[in-house]
Amino acid sequence: MINLEPLWLTAKLAFITTLILLAVAIPLCYWLAYSRFRFKAIIEALISLPLVLPPSVLGFYLLVAFSPENAFGKFLTDYFDLRLVFTFEGLILASVLYSLPFMINPILSGLKNLPASLQEASFTLGKSRFTTILKIILPNIRPSLLTGIIMTFAHTVGEFGVVLMVGGSIPQETKVVSIAIYEEVESMNYDNANIYAGILFAFSFSILLAVHLINNKSRKTTLY
């Protein structure tokens, strides 16, 4: 019988990470899509860096940064009594940084594909920027929002290198499903590893199927 705690911890981590990134992504993507900032390309490249950077590399630098022996980690410990190394809070921050492009890129793409006339018409009618975003822009990029939410949640569920480096394997604290699979295989408990892996496989397939269905529905709605 497998321990269900890693499954619950993984779902909790993915849910919190997705909520944080959704709150961050909407204003950030709006700014990237509509501002005339000269160095936007650099910011977009930094956001997309986790797509090509090995997870262990990002995990290593986060581990160094979060360590109480270095300036940032010491600052958090001394002034906020907050430790990010081998804690669930550290996993959340690491997951937010690592999953950032999976939320940002779909939403940013949706905003860039919106006709500029939608926003201009709303401003002409006297609507505020906040009202325009809430009632005009967001409803028109709903498929992009759903894709970003689903992909972020799924990507967080499947994290391994970053969570291993930053969180280690502390039961009921940082031991997520991907770490549990690794340890079960190391212990040659292949039956348990197979159950964990099967759950992740089914979940990943369901997520990808949902994304394709959403995108296909969006294309059909656009055509008709």
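User: How are helix α1 and helix α5 oriented to each other?
Analyst: In this predicted model, the axes of α1 (residues 5-34) and α5 (residues 88-112) come within 6 Å of each other. They cross at roughly 45°. Angles under 35 degrees count as roughly parallel and 65 to 115 as roughly perpendicular; α1 and α5 are therefore oblique.

User: Which residue classes make up the contact of α1 with α5, and how many residues are in each?
Analyst: The crossing of these two helices, α1 and α5, is right-handed. The residues of their contact divide into two charged, four polar and 23 nonpolar.

User: Is T132 buried or exposed?
Analyst: T132 is part of helix α7, which spans residues 129-140. Among the residues T132 touches beyond four places away in sequence are Q119, F123 and I137. Buried means under 20% relative accessible area. The relative accessibility of T132 is 0%, so T132 counts as buried.

User: With which side chain does the side chain of T132 make a polar contact?
Analyst: The T132 side chain reaches a backbone oxygen at 2.8 Å, that of S128. The side-chain to side-chain polar contact of T132 has a distance of 2.7 Å, and the partner is S122.

User: Which residue with a positive phi follows helix α10?
Analyst: Helix α10 covers residues 177-186, and its buried residues include V177, I179, I181 and E184. After α10 comes a residue with phi near 65°, namely M188.

Definitions and conventions: Residues are numbered from 1 along each chain as its sequence is written. This is a predicted model: local features need pLDDT of at least 70, side-chain atom pairs count only at pLDDT 80 or more; totals for chains, interfaces and linings use all residues. Side-chain values use heavy atoms; hydrogens and water are left out. Axes are lines fitted to C-alpha atoms, for helices over the stretch in contact, and angles run from 0 to 180 degrees between N-to-C directions. Helices (H or I, at least four residues) and strands (E, at least two) are DSSP runs, numbered from the N terminus. Angles under 35 degrees count as roughly parallel, over 145 as roughly antiparallel, 65 to 115 as roughly perpendicular and the rest as oblique. A crossing is left-handed if the near helix is turned anticlockwise from the far one by less than a right angle, and right-handed if clockwise. Ala, Val, Leu, Ile, Met, Phe, Trp, Tyr, Cys and Pro count as nonpolar, Asp, Glu, Lys and Arg as charged, and the others, Gly among them, as polar. Buried means under 20% relative accessible area, exposed over 50%, partly exposed in between (1.4 Å probe, protein chains only). A polar contact is a pair of N or O atoms within 3.5 Å; within protein, one must be able to donate a hydrogen and the other to accept it, and residues adjacent in sequence count only if both atoms are side-chain atoms. Contact means heavy atoms within 4.5 Å.
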